[in-house]
Amino acid sequence: MGGGVKSLAIKVRDVVTGFGDRVVLDHLSIDVQQGEILGFVGGSGSGKSVLLRTIIGLIPKRAGTIEVLGRNLDTLDDNERQAIRRRWGVLFQQGALFSSLTARQNVEFAMRENLNLTDAHMASIATTKLAMVGLTAQDTGKMPSELSGGMTKRVALARALALDPEVLFLDEPTSGLDPISAADFDILIRTLQRTLGLTVFMVTHDLASLHTVCDRIAVLAEGKIVAIGPMAAMLQSDHPWVKSYFRGRRAALIEPRTSSQSH
Amino acid sequence: MTGLLSSVVANHKPMLVARGAWTARNTRELAALITGLPKLSGPQSQILDMSGVEELDTYGAWSLDQLIRARTSLGETVEVTGLAQRFTGLVETVVQARKEQPIEPPRESAIAAWVIDVGRTTSEAGTDLKYLLNMLGAVGSALFAGLKKPSTFRLTSTVHHVDRVAWKAVPIILLITFLIGCIISQQGFFHFRKFGADQYVVDMIAILVVREIGVLLVAIMVAGRSGSSYTAELGSMKMREEIDALSTMGLDPVTVLLLPRVMALIISVPILTFLGSMSALYGGGLVAWAYGGMSPDIYIARLQEAITLDHFKVGMIKAPFMALVIAIVACAEGLKVRGSAESLGLQTTASVVKSIFLVIVLDGLFAMYFTAIGI
């Protein structure tokens, strides 16, 4: 798909979204290039998840256009929209695993619906995918209620990757994980992104993730993107919110550690 | 020509040539091609040329590994050449991930699975009964603790549940028992008239309603209406760790949650049974008047003769026991709920089915007992 020139995986133009008389996203525009990891930050309730949900079509927008992989989602008919949905994977904040299916069946689910494979092959591929995200063979038969928080996220990631998508949406992938698991998860995302050539759109609160994983960072405040660029640009920014976020007290605590890790 | 995988002979040596898109949508075709490859007759090694592969995803990498595995199991070796640089990382990752993949344990045959299922269900019935008795004991001991120290008894909660279980159920219980009373009466007149036994329809209605139908109908309604809601409530509390939270605060979930619910049901079901029976008798009377041509005065007079205090007592004494069974089953099933949404649904169904079953069994036991003592 992606040629030598980097094309846009996601193109959002002048999107307005709101609930009742409250406008959450106010003429917001953002580009995500193919093959990059874009970290998306903002205060609690600033509308980060709303943007993610608007892009994937769970929340209707009031104005603007959204293009994913070069297709405008509004002009597609149902079949084309289904086809584009198969080319992206979504990791929800709480995992959203189907509670009545085992970990492996959760991964098999999308394959069963979309690919014409035998049961044995599906089981083998699903187990492979689960092994790729770091699950042992014993864990693949467990029900979601028997999985720990970290494992739930891993299974959810494997499910998001079930159909080998080109774009991956992650909604707070490391929230609720301890720092060690979170760091592991960051590395996992980075590795998978490189091997599979994914484009990743990641909503996060985790400063360490932003440091270690993201190619570019976008900051959402007052319904608009107030800053976008690599970490270095964030640290230079003069916007008060960006300043307090990246150079605040917690950032000061975390920065020496992560920068020493990455060197 | 454009096959994804083909077997050719180059320089008198067998060789495999891969082409095109080794991706998810072609996986089935690839799998068929891989199993269809002929066994080598000459040297046990061949080259797989991957240079013609333009696209490769996890599925393609899996197929490649599958091919190598298949040939290896035949005692052959495959040498992979020409794999594009951009795919090597992915292939390595997949091969690595599959190394730890064990061979699937053979599935049990359908008959064996059925036999195992029957055995498991049977042994579970025993554990289930023990669990119910356990629950009964826990509620009983909580009740005695409450009697010793009345301040620990949750009166407000009990009243709240009586309101939900009894007061709010009155309209539907009255309606249903009324209709059943009408139907019994109509059918009675229709069939009894054939041999001139109109007069005895009233006896039938009276004994049937007061002794059996009133209490049984009410118990079944309550099991479906309140038992299921108890199970669902307790189950979702259990799912969201609310019950664990209660115990860690030093409160006994049995005293706080179960006892008020059980007591509420024991208070409510006799009241509903009385109201339901009256409503059924009323319905029967109306139909007797409109359809059977029996004046209300005669109907009431005959009712007075037919219903003895014993009949009434037999009906009423069963009510609290049935309530206890329904409440205990509902609470026990609620506490059995595990994490998933499916288990909540399963236990709610089990609660209703089991309590209705046990209510009918209990009714049978009572019938045998009352026959034995002659009332």
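Student: Which residues are buried in helix H1 (residues 27-36) of chain B?

Tutor: This is a predicted model, in which local features need pLDDT of at least 70 and side-chain atom pairs count only at pLDDT 80 or more, while totals for chains, interfaces and linings use all residues. Residues are numbered from 1 along each chain as its sequence is written, and chains are lettered from A and ligands numbered from 1 in the order in which they are written. A residue is buried if 20 or more other C-beta atoms lie within 10 Å of its own, exposed if 12 or fewer, and partly exposed in between, with C-beta atoms placed from the backbone. Helices (H or I, at least four residues) and strands (E, at least two) are DSSP runs, numbered from the N terminus. In H1 of chain B, the buried residues are B:Thr27, B:Leu30 and B:Ala31.

Student: Why do the buried residues of H1(B) line one face of the helix?

Tutor: Seen down the helix axis, they fall within an arc of 100° (taken from the directions from the axis to the C-beta atoms), so they line one face. The face turned away from that buried side carries the exposed residues B:Ala32 and B:Gly36.

Student: What do the buried residues of H1(B) pack against?

Tutor: Contact requires C-beta atoms, placed from the backbone, within 7 Å. The partners are helix H4 (119-132) of chain A, together with strands E1 (5-10) and E2 (13-22) and helix H2 (58-73) of chain B.

Student: How many residues of chain B are in contact with chain A?

Tutor: In chain B, 24 residues are in contact with 22 residues of chain A. The largest share of this side of chain B, 6 residues, comes from H3(B).

Key: Two residues are in contact if their C-beta atoms, placed from the backbone, lie within 7 Å.
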